[in-house]
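Subject: A two-chain structure for you to explore

Hi there,

Here is the structure I promised to pass on. Please open it beside this email and follow along as you read.

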Amino acid sequence: MSAPITALIDGETVTAVAGEVWSALVGEEELLLPRAVPVDGPSSWVTVTGPWDGVVVLTCAASGTADLARSVLQLDDDEQPTAEDVDDVLRELANILGGNVKSLLPGPSALGLPETGPAPLRAEDEDTCRVSASWRGHDLAITIQGASEAPATTTTEVPK
Amino acid sequence: MRALVIDDSRAMRRIVASILEGFGYETRPAGHGREALDVLEEGWVPDLACIDWNMPVMDGLQFVSAVRANPAWRQVTLMMVTTESEHGQIVKALAAGAHEYVIKPFTADAIADKLSLLGLMPAASSPGVPA
């Protein structure tokens, strides 16, 4: 069994990765501000399989998902993204976050296809690295969590 | 010039297509490798294919191998645009016949640099200033 994620990557590194992804996809001027709060909203995630097995999860406050999709898709302010657009954007953000996190972990590793829905999160333990932030006033969290045990859905990060 | 943009994410297809169209490309989207092969088989053969790696139905590596196995598509330049950044994966893609490799997230400038290296930047376009 591999070392826990906290021995492989720290929150500062995850924040830097997220900032780079945000700048490239959401917009050069778009900043992620540190904000330590529980985040409740839709989640997207990818699995990482290799020397370290786990999942990289993006959770975004529901209030921010349409705004996020509008920014990534470069829609006009008055243009409403479809639910499919929102899901697609969340999946791709998780995919790119996951791929960049994977590149920092021991390899070789494989990345799964991104998904959205109730994320396979467990209660926080030592095999979890979580950073939370605020984007345009909307809370979001990135959770990197090992899959060493059967997953259970938490109530604080994932809506029913 | 023509480009086929192959990615299971509509958002990413739109971003890549927007950049390429800013450089003067005519683009067509495909949601996975099999759909992209269908486009080639119908006779729409592009100068460039931008290919994601992880996709359902047929992944990017399988698509690259299929294109390289058909001499009629020899002129298609294959550029992986993917989150797969492990050295072993890059080597595998290049060995299968990909010409270039761009890791997500990327900037329009990074795409422009790769196109210039490949000799695929339309003369009238201005690198780094996509739509």
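To talk about how helices pack, we need axes: these are lines fitted to C-alpha atoms, for helices over the stretch in contact, and the angles between them run from 0 to 180 degrees between N-to-C directions. Helices (H or I, at least four residues) and strands (E, at least two) are DSSP runs, numbered from the N terminus.

A word on the source before you start. This is a predicted model, in which local features need pLDDT of at least 70 and side-chain atom pairs count only at pLDDT 80 or more, while totals for chains, interfaces and linings use all residues. Residues are numbered from 1 along each chain as its sequence is written, chains are lettered from A and ligands numbered from 1 in the order in which they are written, and side-chain values use heavy atoms, with hydrogens and water left out.

**Where the chains meet**

Start with helix α4 (residues 83-102) of chain A and helix α1 (residues 10-22) of chain B, whose axes come within 7 Å and cross at roughly 80 degrees. That angle makes α4(A) roughly perpendicular to α1(B) (the word covers 65 to 115 degrees; under 35 is roughly parallel, over 145 roughly antiparallel, and the rest oblique). On the α4(A) side, the contact (heavy atoms within 4.5 Å) is made by Glu84(A), Asp85(A), Asp88(A), Val89(A), Glu92(A) and Ile96(A), and α1(B) brings Arg10(B), Ala11(B) and Met12(B). By class, this contact has four nonpolar, no polar and five charged residues. Here Ala, Val, Leu, Ile, Met, Phe, Trp, Tyr, Cys and Pro count as nonpolar, Asp, Glu, Lys and Arg as charged, and the others, Gly among them, as polar.

Now zoom out to the whole interface. It takes 25 residues from chain A and 20 residues from chain B. About 1800 Å² is buried between the two chains, and carbon and sulfur atoms give 50% of that (buried area is the accessible area, with a 1.4 Å probe, that two parts lose on being put together, summed over both). In chain A, Asp88(A), Glu92(A) and Leu113(A) lose the most area to chain B, together 26% of what that side buries.

How many salt bridges are counted between chain A and chain B? There are four, where a salt bridge is a side-chain nitrogen of Lys or Arg within 4 Å of a carboxyl oxygen of Asp or Glu. Lys102(A) and Glu86(B) meet through their side chains in a salt bridge, at 3.1 Å from N to O.

**Within the chains**

Over all chains, a search of the whole structure finds 16 salt bridges. Glu26(B) forms one with Arg2(B), the closest N and O atoms being 3.9 Å apart. This pair links distant parts of the chain, with Glu26(B) in strand β2 (residues 26-30) and Arg2(B) in strand β1 (residues 2-6) of chain B, 24 residues apart.

In chain A, α2(A) and helix α3 (residues 62-72) pack at an angle of about 65 degrees, their axes 8 Å apart. Trp22(A), Leu25(A) and Val26(A) of α2(A) meet Leu68(A), Ser71(A) and Val72(A) of α3(A). That contact divides into five nonpolar residues, one polar and no charged.

**Backbone details to look up**

- Gly107(A) and Pro108(A) are joined by a cis peptide bond, with omega about 0 degrees; Pro108(A) is found in the loop between α4 and β4 (110-111) of chain A.
- A cis peptide bond also joins Lys104(B) and Pro105(B), with omega about 0 degrees.
- Arg136(A) is not a glycine, yet has a positive phi of about 50 degrees.

Happy exploring!
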